[in-house]
Amino acid sequence: MTVARCGYGGFVRFRRPLITVATAVLAVGALTGVAPPAHAAAFPVNPGPIVEGRPIVGSGQNLPPIAQSTYNVGDHLAREIKAYYGGRSIDRDRAAVALAAGRWVREWTRANCGRAPREVRACRAAVVFDIDETLLNSYSYGIAQVPQFTFDPTTWDRYVADCGYSDIPQVRALYNRLVRQGLRIALVSAGPEANRSAVTRCLRAEGISGWDILVMRGKENADLSVGEFKAEVRQGLQEKGLRIVASVGDQVSDMAGGHLKRGFLLPNTMYYLH
Ligand SMILES: [Mg+2]
């Protein structure tokens with residue numbers, strides 16, 4: 001294993017055990033141990049002790065931690081990934097998870113803060129959002145790689161600099177609703193600090209603005225896994241008095257290690273970040 005720049009999230013321990021077809025066939029839904037439902041729905045998923053008993057709600061369309069490390073799925077399942085991302089299934093799954101997140105946050109803030117945005121603001125209720133595959137869609141990056149759905153830091157940095165992303169309208173709608181409701185918004189990305197200005201520009205280009213804080217990963221955190229880094233960031237936010245009602249991301253590592261009330265796991269069948 002080497003320490004290298006890896007996919008969609010900065011410097012992490014990285015190796016490239018492109019998963020086998022046999023393993024990959026088991027990937028979708030394997031996180032939960034159950035087959036995804038025929039109709040889009042968000043339901044409780046159980047990634048194991050790593051989430052410390054915090055409830056996680058997802059669609060079941062996520063890759064499993066088969067390597068205990070970050071990996072990109074490669075071109076073995078390109079046909080299946082294209083069918084999922086190119087059709088309506090992923091939109092329905094994203095909408096279901098976003099709906100569940102919105103309902104949970106509204107329930108919690110009404111019970112603990114009040115209904116008015118100024119009341120929600122005053123009680124320091126917060127939602128943490130990941131960026132890649134949560135607020136911004138980089139499917140077009142995976143498609144353009146050779147082989148497809150692999151990662152290269154040079155092409156990735158160029159992609160971010162060019163804002164090659166597309167939008168994720170279901171999550172943007174959730175985000176903007178929470179801003180209007182008075183939630184404090186923290187964006188937490190394991191992408192390198194060097195990409196901050198480009199990422200900020202890309203978010204604004206897709207209609208996302210008004211966050212309270214944007215945290216990206218500096219070199220001082222290079223040795224942490226994504227999950228460790230993000231849990232530390234959430235802990236720091238809590239120490240500043242924020243009450244993290246929900247963390248919304250596309251990886252278990254966006255909601256592992258505590259310091260949140262509930263996690264909402266969006267689909268990602270392209271890569272796994274440890
Ligand atoms: Mg992500």
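1. D130 is buried, and D250 is buried too. Buried here means under 20% relative accessible area, with exposed over 50% and partly exposed in between (1.4 Å probe, protein chains only). The model is predicted: local features need pLDDT of at least 70, side-chain atom pairs count only at pLDDT 80 or more, and totals for chains, interfaces and linings use all residues. Residues are numbered from 1 along each chain as its sequence is written, and side-chain values use heavy atoms, with hydrogens and water left out.

2. The protein donors of the magnesium ion are D130 (OD), D132 (O) and D250 (OD), at 2.0 to 2.1 Å. Donors are N, O and S atoms within 2.8 Å of the metal (3.2 Å for Na, K and Ca); water is not among the atoms, so sites may look incomplete.

3. Along the sequence, the magnesium donors follow the spacing D-x1-D-x117-D. D130 and D250 link distant parts of the chain, 120 residues apart. D130 sits in the loop between β6 (125–129) and β7 (136–137). D250 sits in the loop between β11 (243–249) and β12 (262–265).

4. On the overall fold: the chain has nine helices and 13 strands. These are DSSP runs, numbered from the N terminus: helices are H or I of at least four residues, strands E of at least two. Of the 274 residues, 55% count as buried. Among contacts between residues at least 6 apart in sequence, 72% join residues at least 24 apart. Contact means heavy atoms within 4.5 Å.

5. Helix α3 (residues 89–112) packs with helix α7 (residues 169–181) at about 15 degrees, axes 8 Å apart. Axes are lines fitted to C-alpha atoms, for helices over the stretch in contact; angles run from 0 to 180 degrees between N-to-C directions. α3 and α7 are therefore roughly parallel. That label covers angles under 35 degrees; over 145 is roughly antiparallel, 65 to 115 roughly perpendicular, and the rest oblique.

6. Which residues make the contact between α3 and α7? From α3 come D91, R94, A95, A98, A101, G102 and V105; from α7, Q170, L174, R177 and L178. They divide into six nonpolar, two polar and three charged. Ala, Val, Leu, Ile, Met, Phe, Trp, Tyr, Cys and Pro count as nonpolar, Asp, Glu, Lys and Arg as charged, and the others, Gly among them, as polar.

7. A161 lies in helix α6 (residues 153–161). A161 is partly exposed, at 39% relative accessible area. Leaving aside neighbours within four places in sequence, A161 contacts A198 and R201.
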